[in-house]
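Please review the structure shown below together with this briefing.

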Amino acid sequence: MKKKALFLSACLLIVFFLWYGCAPPQPQQFPTGEIAADEYDPEVWGKVYPLHYESWLATKEPKPAGTSKYKRGWDDDLIVYDKLSEFPFLGLLYNGWGFGIEYNEPRGHYYAVTDQLEIDPSRVSPGGVCLGCKTPFHRQMSETHGLDGYLKKPFREAVAMLPEKLQELGPACIDCHNPDPWELTTKKAHLENGLLAIAKQDPSRQELRMLACAQCHVTYTVPRDQQMKVAGDITLPWRNGKWGDISIEGIIEDLLSDYSRLEWTQKVTGFKMPFIRHPEFELFSKGSVHFNAGVACADCHMPYTRKGSYKISDHDVTSPLKADLRACAQCHTQSKEWLTERIHHTQDRTASLILRAGYATATCAKLFETLHAAQQDGAAVAPELYEAAKDNYMQAFLRVVFINAENSTGFHNPAEAGRVLGDAIAFAGRSEGLLRQLLAGAGLDPGLEVALELGKYLNGRGEAGLDFVPDQEFHDPFDNQPHFLSDAAKGL
Ligand code: HEC
Ligand code: HEC
Ligand code: HEC
Ligand code: HEC
């Protein structure tokens, strides 16, 4: 008996030594070094944190093509994907300003400012204010030079005011880090004001792993005066929100509350309009399963990764699908195929509803066009019906923009995305009914289908004369959309 016990413990000892002797050494944390508090240049940070610098610089590289179904931004096929060709109704709805001329899928952080210099100049016509969620110098520049000296300066002149070496620098170490980079922080003034508006104080470390991204991946407006000229720095329409509850209803109420939110005039309807940009933080934090479970943006977009003998947060921020879903495996035991299928399950449904809501809203825009022409010819229009049609239209339009501008095609919050699009379809349906009633009153019958004439809006756009690219268009994965609108009526 004693012999047996001795033998067993000897075996255990051997196993113990084999295990620890042969296992790879545990990865270590990267050592901390000295960085000056006002150091903007990532190359200087890179002298102390070479692995992080190299990983951050990798956002410059194209990602493997064919790995993401809906976010084919900057992949190694080097094709630029045009959102207006992917969702052609956007060409009609955004006609009247820069977004209706050139609107591309995002690419890596490295190109944030470069892409602004390369895109059709109409997109940066407001001036220096457009650098708000791009250059790390924005806060210092707007505080030093103000409205006339910087925010309203023609875009290229504003860029030329930045230190020469760092003019095209986008999201930089200093945006997210204190000199000790184990402490995350945020630097953007607009986010500081936004957090004040929702009374959010003292964010935890896990919340900062979200807010570092919310410095830019939030919606904002460029405030205007009554002549629609730029009147200040970007602001977040969050005044009706709370932490974990910045709803589309609250955002729309804020956006429609005063003229300073009206940034452009929609050509087809002649309406002055607000706009919504990349609301990743707002959609995600509105009670998504992951937000409620305490998961942050960085968990999925900056997973821990092994570099040599160190474990670092991956700074090559991109779509998790383009990074082999390594991030998900930190928490999920399911296979890559299962996770990919779950992402597509949500995205296919969202894309289908985006098409339904987008075309229904575009149909209303064309009916307003016909109605306004009839009014010009003297047709009488009942004002309360007209106001109701317009109000329902605005409600539909802003919901369509919200989910379309959000970059996860529903994944960040599947149920909320479905809810918002369902409401958009209902608001557009109500508006169309009222518009048809008004047109009938004026003796006009728009017919079974309203011709959208999309080719007119999508071809020959801007300085480069951009055209619709048919093979980039997203079609309804469930094939229901053709029941609502024929190809002939689309007019492409
Ligand atoms: C200073 C502003 C800023 C900050 C901070 C920022 N982003 Fe971005 N992000 C951008 C811009 C601008 C783009 C689009 C760049 C382009 O298309 O040229 C972008 C693009 C992306 C993309 C698409 C990349 C691709 O390969 O297509 C992802 C994913 C992303 N950001 C996630 C994040 C996450 C996660 C965080 C926080 C860890 C974050 N971003 C912080 C501004 C920012
Ligand atoms: C649970 C994981 C998860 C979390 C948390 C998460 N994302 Fe994502 N994100 C994804 C997935 C999956 C996609 C879809 C990628 C695709 O379709 O290629 C995506 C897409 C994106 C994109 C578009 C990527 C591209 O290539 O164009 C951006 C930008 C983005 N997320 C930013 C954020 C921000 C900001 C947060 C926090 C507010 C966040 N994400 C939180 C998983 C996550
Ligand atoms: C968009 C925001 C963002 C930018 C830009 C950024 N980081 Fe980070 N960084 C993070 C996040 C998020 C973490 C994870 C921190 C945590 O969990 O506390 C991190 C972690 C780190 C760490 C701690 C160790 C680790 O790997 O988790 C170091 C060091 C670091 N970053 C260096 C850099 C350097 C150097 C640059 C510029 C070349 C940079 N970062 C740019 C967001 C950013
Ligand atoms: C930091 C941990 C963490 C990461 C990283 C993470 N998840 Fe999750 N995920 C969770 C938790 C927690 C839940 C809640 C359900 C549960 O307890 O299993 C969840 C739920 C889900 C669900 C079910 C959602 C629902 O609506 O019921 C899916 C699908 C999912 N995750 C996919 C992903 C994908 C894809 C990624 C990578 C892009 C990812 N997750 C990354 C922790 C994580």
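The model is predicted. Strand β5 (residues 310-313) pairs with β1 in the parallel sense and with β4 in the antiparallel sense. Strand β5 also gives two or more residues to the shell around ligand 3.

**Strand pairing**

- Strand β1 (residues 28-29) is joined to β5 by two bridges in the parallel sense. Within this pairing, Gln29 has Lys311 of β5 as its bridge partner.
- Strand β4 (residues 304-307) runs antiparallel to β5, and four bridges link the two. Tyr304 is bridged here to Ser313 of β5.
- A hairpin is formed by β4 and β5, with two residues between the strands. In its turn, Gly308 adopts a positive phi of about 60°.

**Nonpolar core**

- The largest nonpolar core holds 106 residues, and the members that touch the most others are Leu92, Ala357, Ala396, Leu421 and Ala424.
- Helix α16 (residues 336-376) is the element that gives the most to this core, contributing 14 residues.
- Beyond its neighbours within four places in sequence, Leu421 contacts Leu353, Ile354 and Ala357, as well as Arg399 and Ile403.

**Surroundings of ligand 3**

- The shell around ligand 3 comprises 25 residues, of which Cys173, Cys176, Pro181, Ile312 and Ser313 are the closest.
- Two or more residues each come from helices α2 (42-48), α3 (50-57), α9 (173-176) and α11 (205-214), and from strand β5.
- By residue class, the shell contains 17 nonpolar, five polar and three charged residues.

- Most residues other than glycine have a negative phi. Two exceptions follow, each located in a loop.
- Glu453, which is not a glycine, has a positive phi of about 50°. Its position is in the loop between α18 (414-441) and α19 (454-458). Glu453 is classed as partly exposed because 16 other C-beta atoms lie within 10 Å, a count between the limits of 12 or fewer for exposed and 20 or more for buried.
- Asp479 likewise has a positive phi, near 60°, and is a residue other than glycine. The loop that holds Asp479 lies between α19 and α20 (481-484). Asp479 counts as exposed because it has 9 C-beta neighbours inside 10 Å.

Notes. Residues numbered from 1 in each chain as written. Chains lettered and ligands numbered in written order. Predicted model: local features only at pLDDT ≥ 70, side-chain atom pairs only at ≥ 80, totals over all residues. Pairing = 2+ DSSP bridges. Core = buried A, V, L, I, M, F, W, Y, C linked by C-beta atoms within 7 Å. Contact = placed C-beta atoms within 7 Å. Near = placed C-beta within 6 Å. Nonpolar A, V, L, I, M, F, W, Y, C, P; charged D, E, K, R; others polar.
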